[in-house]
Amino acid sequence: MQGRKVIITGVPGVGKTTVVNEALKKLKSEGVVYQSINFGTFMFDVAKSDNVVQDRDQMRNLDRAVQKHLQQRAAQEIAKVTGNVLIDTHASVKTPKGYLAGLPEWVLREIMPDVIVLVETDDDQILMRRLNDETRARDKEGSRAIGEHQQFNRSIAAAYAMITGCTVKIVINADFLLERAADDMANVLR
Ligand code: AP5
């Protein structure tokens, strides 16, 4: 049987990886198995071997043509994976020259997702999570800019649905309500 392809998106620091990991723990006991893939890691592996960056947070500042090349190579590798696949990525990437589509047509046509999930929460909660995360070089921006990015992601997700016929699901990952977000995510994956 052909597996399901689920794309998980959300602005940096919204907690998409945290929600996915909690949801996968719940599903394991039911025998529902997904291979979890981080799109950024695939891109980073290519970027490192090409010697263009030293850490993953530098990728969004690369020249647009370089980012597109990395995207394409990552998408081609991911398309080869069979079974249920969960792809942790970005609906759009904030670059110094504006928003870059995370899933442009040539990436979507490689992957052809069944569902795109947008993980969201209040802009100020995301701001606080970024400030408290010392493990990453997060972009410094205010809650208004974070709100603009979340809004842009909804718009571009609608365009992705038009191209592929996939559904778009919004999962809210609010402070103190991780459990609820993980349940919502698990329902999408079942
Ligand atoms: P990637 O590594 O995916 O970057 P990211 O968005 O920063 O992803 P993270 O997994 O680090 O953050 P998260 O939102 O999942 O939050 P987390 O769970 O850690 O991508 C790296 C780079 O690759 C991108 O910058 C880009 O350049 C490139 N890239 C990727 N895909 C691309 C594409 N398609 N096209 C082009 N480029 C692409 O949680 C964050 C914090 O919040 C943690 O401290 C956590 O404890 C806390 N938290 C989580 N949930 C809650 C909660 N409910 N309450 C309180 N705190 C919470």
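Visitor: Which residues are buried in helix α2 (residues 39-49)?
Guide: Phe39, Gly40, Met43, Phe44, Val46 and Ala47 are the buried ones. Buried means under 20% relative accessible area with a 1.4 Å probe, protein chains only. Helices are DSSP runs of H or I with at least four residues, strands are E runs of at least two, and both are numbered from the N terminus.

Visitor: Where do they sit around the helix axis?
Guide: They fall within an arc of 165° seen down the axis of α2, so they line one face of the helix. That arc is taken from the directions from the helix axis to the C-beta atoms.

Visitor: And what covers them?
Guide: The cover includes β2 (35-38), α3 (64-79), β3 (85-88) and α4 (105-111).

Visitor: Is this a model or what?
Guide: This is a predicted model, where local features need pLDDT of at least 70, side-chain atom pairs count only at pLDDT 80 or more, and totals for chains, interfaces and linings use all residues. Residues are numbered from 1 along each chain as its sequence is written, and side-chain values use heavy atoms, leaving out hydrogens and water.

Visitor: OK, what caps the N-terminal end of α2?
Guide: Asn38 does, with a side-chain oxygen 2.9 Å from the backbone nitrogen of Gly40. Just after α2, Asn51 has a positive phi of about 60°.

Visitor: New topic: Lys94, buried or exposed?
Guide: Lys94 counts as buried because its relative accessibility is 19%. Lys94 belongs to strand β4 (residues 92-95).

Visitor: What does the Lys94 side chain reach at 3.2 Å?
Guide: The backbone oxygen of Ala145.

Methods:
Buried means under 20% relative accessible area, exposed over 50%, partly exposed in between (1.4 Å probe, protein chains only). A polar contact is a pair of N or O atoms within 3.5 Å; within protein, one must be able to donate a hydrogen and the other to accept it, and residues adjacent in sequence count only if both atoms are side-chain atoms. Contact means heavy atoms within 4.5 Å.
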